[in-house]
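I opened this entry to see how the parts of the chain are arranged. My notes follow the structure.

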Amino acid sequence: MFAFLARRTLEFLVVIFGVLTIVFVLQRFSGDPTNLLLPVDAPQEVRTELRHQLGLDRPLPEQYLRFIGRVAVGDLGDSYRFRQPALGLVLERLPATLLLASASLLISLVLALPLGTLAAVYRNTWIDSLATGISLLGQAMPVYWLGLLGILLFSVQWRLLPSMGGGSFAALVLPATTLAVYSAARIMRLTRAAVLDVLHQDFIRLARAKGLGEGKVLVKHALRNASIPIVTIIGLQFGGLLGGAVITETVFAWPGVGRLAVNAVQQRDFPVVQAVTVVIALAFSLINLAVDVLYARLNPRIRLG
């Protein structure tokens, strides 16, 4: 276990280092943030002084080393726009994104696991065709289009749910459902394939021969042995929901990390973008680590060392 955790920690550090390097390079070549922080007619002397205060007049290698050094001690700099610690701004918005992602994943699992299992059990029937059609439709619909359609119907036309903002259960329903559709479609397809792969195995026939009910056969034997790929896709989808909620949070004005990142990119607020990247990369890596550990719990034949 120790060797496994050490190896995964090293891989995690390499991933974070690579992400930070890519973001640093791309952002430094995306434009001068002083153009947004100062009026158009600001004197050149004022611009030069501001660039010096922000450290943007230093050579890129020096900026990079200073940036990595600060990240190592948890200092991601101050937001150019808000004049506050960038990490604090991200952590302030993180609970809203976690709530949205968790609600979306819950909706995805409630829809995908039963439909995917039924599609495998009743293969080549109308149930299978219906589940497959729903899955294809869910993957084909753009998230922003589905969100705008939901606002048009449930907020404008029927006035059942709020169209934007957070802080209430009603405000969570539309963005969480919109974000869940694509994830549910992917989980459903993989659940069908995984369950279908084990339904004709010998241990399933043996369980049925023992007289076990079909429900016990499915839950205790089929789903347990098909759980490895299902857990994998669930972990990946949850990480994707954390990092990919940008469009949904923008459409519904959800006060989360994704919307903060969009505004920071538009304003060339480098420290905030970097803080968002570090936090999301850290969360994604921790989720992958949790999935790897869960593998051994689900299947003792898997060795972590």
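**Handedness first, then the rest**

I began with helices H8 and H11 and found that they cross in a right-handed sense. The model I am reading is a predicted one.

I then looked up the geometry of this pair. H8 covers residues 169-198 and H11 covers residues 227-243. Their axes lie 9 Å apart, at an angle of about 165°. Angles over 145 degrees count as roughly antiparallel, so H8 is roughly antiparallel to H11.

Next I listed who touches whom. On the H8 side I noted Leu 179, Ser 183, Arg 186, Ile 187, Leu 190, Thr 191 and Ala 194. They meet Pro 229, Ile 230, Ile 233, Ile 234, Gln 237 and Leu 241 of H11. Sorted by class, this contact holds nine nonpolar, three polar and one charged residues.

Which residues of H11 does H5 meet? I found Ile 230, Ile 234, Phe 238, Leu 241 and Leu 242. From H5 the contact takes in Thr 97, Leu 98, Ala 101, Ser 102, Ser 104, Leu 105, Leu 109 and Leu 113. I counted these by class as ten nonpolar, three polar and no charged.

H5 spans residues 86-121 and packs on H11 at an angle of about 145°, with the axes 9 Å apart. The crossing of H5 and H11 is right-handed.

Last, I checked the division into domains. Domain 1 is given as 2-72 and domain 2 as 93-303. I noted 33 Å between the C-alpha centres of domain 1 and domain 2.

Definitions and conventions:
Residues are numbered from 1 along each chain as its sequence is written. This is a predicted model: local features need pLDDT of at least 70, side-chain atom pairs count only at pLDDT 80 or more; totals for chains, interfaces and linings use all residues. Side-chain values use heavy atoms; hydrogens and water are left out. Axes are lines fitted to C-alpha atoms, for helices over the stretch in contact, and angles run from 0 to 180 degrees between N-to-C directions. Helices (H or I, at least four residues) and strands (E, at least two) are DSSP runs, numbered from the N terminus. Angles under 35 degrees count as roughly parallel, over 145 as roughly antiparallel, 65 to 115 as roughly perpendicular and the rest as oblique. A crossing is left-handed if the near helix is turned anticlockwise from the far one by less than a right angle, and right-handed if clockwise. Contact means heavy atoms within 4.5 Å. Ala, Val, Leu, Ile, Met, Phe, Trp, Tyr, Cys and Pro count as nonpolar, Asp, Glu, Lys and Arg as charged, and the others, Gly among them, as polar. Domain bounds come from an automatic or database domain assignment.
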